[in-house]
Amino acid sequence: SLFVNLKTVKTHPQLGPVYDAVPELHDGLGGLAVFLIHEALNRSSAWRPFLCTLPARTRLPMFLSPKMQAKTYEEMIGGPVTPAFSAYLQAFTNETWLRYGRVVPALTGRFPDRFSAADY
């Protein structure tokens, strides 16, 4: 199937048992992110050719400096950054780093032979 969801992760021969053992993956995004990285690194994966066409890096607003965030926002919206947008972006950034900070150590700590911090 070309449809990827949590069922795909849960029934994956290698990742299903990992998913069951690592509750940090159960938030949805963590499980899917690990699946995509796993498949991109797997040279025999049917998903790899597609995943390798995607950019390796993307300039997400949450990773830009405050100055570049303001410039990007002004270009897109046509006005200055609002306090509400700044607060939303900061909350989203914090949540992303919290999830990453839980998922990667759980994977690399419980399955060091299968997941390296450098890859994830």
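Me: Accessible areas here come from the Shrake-Rupley method with a 1.4 Å probe, and for residues only the protein chains shown count as cover. What is the accessible surface of the protein, and what share belongs to carbon and sulfur atoms?

Reply: This is a predicted model, where local features need pLDDT of at least 70, side-chain atom pairs count only at pLDDT 80 or more, and totals for chains, interfaces and linings use all residues. Residues are numbered from 1 along each chain as its sequence is written, and side-chain values use heavy atoms, with hydrogens and water left out. The accessible surface comes to about 8,200 Å², and the carbon and sulfur share is 63%.

Me: Which elements build the protein, running from the N terminus?

Reply: Helices (DSSP H or I, at least four residues) and strands (E, at least two) are DSSP runs, numbered from the N terminus. The protein has zero strands and six helices. In order, the elements run α-α-α-α-α-α.

Me: How many salt bridges does a search of the whole structure find?

Reply: A salt bridge is a side-chain nitrogen of Lys or Arg within 4 Å of a carboxyl oxygen of Asp or Glu. R110 pairs with E24. R99 pairs with D27, and E95 also pairs with R99. The search of the whole structure finds three.

Me: How many residues apart are R110 and E24?

Reply: Their closest N and O atoms are 3.3 Å apart. R110 sits in helix α6 (residues 83-110), and E24 sits in the loop between α2 (15-21) and α3 (29-41). The pair links distant parts of the chain, and the separation is 86 residues.

Me: Which residues are linked in a network of salt bridges?

Reply: R99 and D27 meet at 3.5 Å, N to O. That pair links distant parts of the chain, helix α6 and the loop between α2 and α3, 72 residues apart. E95 approaches R99 to 2.9 Å, and both lie in helix α6, four residues apart, about one turn of the helix. The network links D27, E95 and R99.

Me: Is R99 buried, exposed or partly exposed?

Reply: Buried means under 20% relative accessible area, exposed over 50%, and partly exposed in between (1.4 Å probe, protein chains only). R99 has 24% relative accessibility.

Me: What percentage of the 120 residues is buried?

Reply: The C-alpha trace spans about 50 × 30 × 25 Å along its principal axes. Of the 120 residues, the buried ones make up 28%.
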